[in-house]
Each structure stands twice: as C-alpha cells, then as structure tokens.
Amino acid sequence: MFMDMQVFQVKDRKYTIRPAQVGDAAQLVEVRLQIDGETENMDREKGEGFINATGFERLIEEDANHPRNLFLVAESQGRILGFSRCEGSHLKRSLHKVEFGVGVLSDYWGYGIGKNLLNASIAWAKSNGIQKIVLYVLEENQKAVRLYEKLGFETEGVLKNDKLLSDGKFHHTLVMGNLLD
C-alpha cells in the first residue's frame, strides 16, 4: 500500500490525509470510541468491538503489507480527526474489490474529511487495479448517501431491518458500489 500524503484547507481548518502509522494506534483507540458514541451511523455502539492499541498496531502493520488494504487517517496539528479503511480479500473471486468504511469526529463534520478520505481511497484503488469499492450505509443517512452518489456509487441492494437502533426500531442498510473506470 502506497499513497502520498495530501493536505487540505477547508474553511478555517487545515488537515492532512495520510496512511496510518503504528504510532497512531493509541490515538485511534480513543477516536474510534468517540466516533462510535457520537452517531448511530456506525455498526457499533460505543465500546463494542473494542480494539486496543496493540490491536490497532497489528491492523496498521497488516494493512501496510497487504496489497488490497488501505488504512488512512485525517490529522490536524497532531490530532486524528477521522480515519478510513479499505479491506480486500485473499479469495480469487473477490480480488477485484474492496470494502470501504469511514468515521469522522462530529466536531469536524462539514470540512470534507469523509469526502477526501473516500476520494483518496478511490484514487488508491484505481492505481492498484481494484475495480470495485463496496460500502454499507444506513438508508436514512441521506447526507452520506448523496455524497456517495456524487462520487459514483450506486445502490446495489437493501438489507431490510438490518440494524436495531436506540429508537427501538429496525432500520434498512443500503449496499452501495462503485465500479471504477
């Protein structure tokens, strides 16, 4: 996995998107916990699926050595604001695609961080011969759905009653894909 660092200036915020480094692990633990507690748009509730610093170190090292994985962070002044991952498969029938996931601290929504993480992931995928990116998003997260559509994703299916949220109701998840040119 190789990707150049990218610098963005949006409104009053300057931030960098770069590959995750082992030294980011402790901060990623806290950022992931905070993101999971700030929104129900993630798969987990706060504390579920907990990954400690050692687990993040291992994940970062594995991703750095896997040609179909990419782990990015968005950082400003030494603070991680968000992250994304593309995870590929070892299975021959799925080598052409990766699954994308993203999380951004709510204080930094509106700065294009999620969009720029996804754009960087799309560019990386294209340059590495990956032909498709797949992602999952709650149907009512229309802001994210519109962003994904603008970046070339199409809804490929609906997972009905897929997530049970705090309102006590089941919610649908959209499966979206982008067939890269």
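## Basis and burial

A residue is buried if its relative accessible area is under 20%, exposed if it is over 50%, and partly exposed in between, using a 1.4 Å probe and protein chains only. The model is predicted: local features need pLDDT of at least 70, side-chain atom pairs count only at pLDDT 80 or more, and totals for chains, interfaces and linings use all residues. Residues are numbered from 1 along each chain as its sequence is written, and side-chain values use heavy atoms, with hydrogens and water left out.

## Strand pairing

Strands are DSSP runs of E with at least two residues, numbered from the N terminus. Strand β2 (residues 13-19) is mostly covered, with six of its seven residues buried. Two strands pair if DSSP finds at least two bridges between them. β2 runs antiparallel to β1 (residues 6-10), to which five bridges join it; Val10 has Arg13 as its bridge partner in β2.

Four bridges pair β2 with β3 (residues 70-76), also in the antiparallel sense. Here Arg18 is partnered by Val73 of β3.

## Hairpin and Lys11

Two residues lie between the strands in the hairpin of β1 and β2, where Lys11 takes a positive phi near 55°. Lys11 also lies over the face of Tyr111, at 5.2 Å from the ring centre; the criterion for Lys is NZ within 6 Å of the ring centre and within 35 degrees of the ring normal.

## Aromatic contacts

Rings of Phe, Tyr and Trp (its six-membered ring) pair if their centres lie within 6.5 Å; planes under 30 degrees apart count as stacked, over 60 as edge-to-face and the rest as tilted. The structure holds five aromatic pairs. Phe71 and Phe83 form a tilted pair because their planes stand at 45°, with ring centres 6.2 Å apart. This pair links distant parts of the chain, Phe71 being in β3 and Phe83 in β4 (residues 79-88), 12 residues apart.

Phe71 is buried at 2% relative accessibility, and Phe83 is buried at 10%. Phe56, Phe71 and Phe83 form one aromatic cluster.
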